[in-house]
Amino acid sequence: MPSKRRGEPDLDEQIAIYQREYRDLDPRVEKVVNALSRLDRRMSVAYGRQLAALNLNHGEWEVLKELVMTGRPYQLWPGTLANRLGLTPAAVTHRVDRLLAAGLVTRERDEENRVRVIVGLTDAGRQKWLEAMRMASDFEEALLQDLDGKERDLLGDLLVRLLRRVEDAQPDSGGRLRDLDGGS
């Protein structure tokens with residue numbers, strides 16, 4: 001019997017269907033991969049709703065995050081932002097324009113090289129980032145509430161191990177995939 005969630009079968013049902021159609025399937029692998037996929041989808045929706053409540057989209061959040069990650073004075077050149085985000089400079093310009101209009105970033109001439117501009121985080125931008133972090137932390141704590149400290153450590157270690165394998169096998173997987181988007 002299908003689950004009541006939008007016709008999507010529960011995980012065990014899905015794996016049983018896959019096994020019926022593809023007998024060589026390892027159900028343990030499928031359980032892990034499909035659970036991660038479903039969790040990622042649901043987490044993305046939750047984070048998207050939180051950002052929308054703050055009048056941000058995911059792309060704008062990524063710009064704020066990169067500026068915070070640099071540390072004080074929270075400034076980066078647009079080209080550096082584009083490289084870190086795996087985007088074209090034009091895509092970064094659009095994101096920065098929206099954040100600039102909202103008063104969350106500045107865009108000024110670089111004093112050391114007047115030809116270049118530098119993007120900086122405003123106090124309002126840092127406060128918006130902190131508010132998003134608080135909301136995300138509350139959600140994440142609720143997500144992991146059924147796991148004790150040792151289970152959280154183990155889950156984290158296992159997921160990092162999987163992540164490292166993917167990153168080693170696909171070093172460009174953090175940004176644009178040139179082989180998939182037609183870029184060179």
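In which sense do strands β2 and β3 pair, and over how many bridges? I looked this up first. Strand β2 (residues 105-110) pairs with β3 in the antiparallel sense, over 6 bridges. Two strands pair if DSSP finds at least two bridges between them. Strands and helices here are DSSP runs numbered from the N terminus (strands E, at least two residues; helices H or I, at least four).

A note on what I'm looking at: this is a predicted model, where local features need pLDDT of at least 70, side-chain atom pairs count only at pLDDT 80 or more, and totals for chains, interfaces and linings use all residues. Residues are numbered from 1 along each chain as its sequence is written, and side-chain values use heavy atoms, with hydrogens and water left out.

**The sheet**

I checked the strand order next. The open sheet has 3 strands in the order β1-β3-β2, with antiparallel pairing. Its edge strands are β1 (75-76) and β2, and each of them pairs on one side only. Helix α5 (residues 89-101) packs on this sheet and touches β2 and β3, while its direction makes about 115 degrees with that of β2. I also saw that β2 and β3 form a hairpin, with 2 residues between them. Looking across the pair, I found Glu108 opposite Ile118 in β3, and Arg107 has Val119 of β3 as its bridge partner.

**Val119**

Is Val119 buried or exposed? I found Val119 buried, with a relative accessible area of 1%. (Buried means under 20% relative accessible area, exposed over 50%, and partly exposed in between, with a 1.4 Å probe and protein chains only.) Val119 sits in strand β3 (residues 113-121). Leaving out residues up to four places away in sequence, Val119 touches Leu67, Tyr74, Gln75, Leu76, Pro78, Leu81, Val96, Val105 and Thr106. Contact means heavy atoms within 4.5 Å. Trp77 is 42 residues from Val119 in sequence, but their C-alpha atoms are 5.9 Å apart in space.

**Two helices**

Last, I looked at helix α3 (residues 58-69) and helix α6 (residues 123-143), which pack at about 105 degrees with their axes 10 Å apart. Axes are lines fitted to C-alpha atoms, for helices over the stretch in contact, and angles run from 0 to 180 degrees between N-to-C directions. So α3 and α6 are roughly perpendicular (65 to 115 degrees; under 35 is roughly parallel, over 145 roughly antiparallel, the rest oblique). Trp61 and Leu64 of α3 are among the residues making the contact, as are Trp129 and Met133 of α6.
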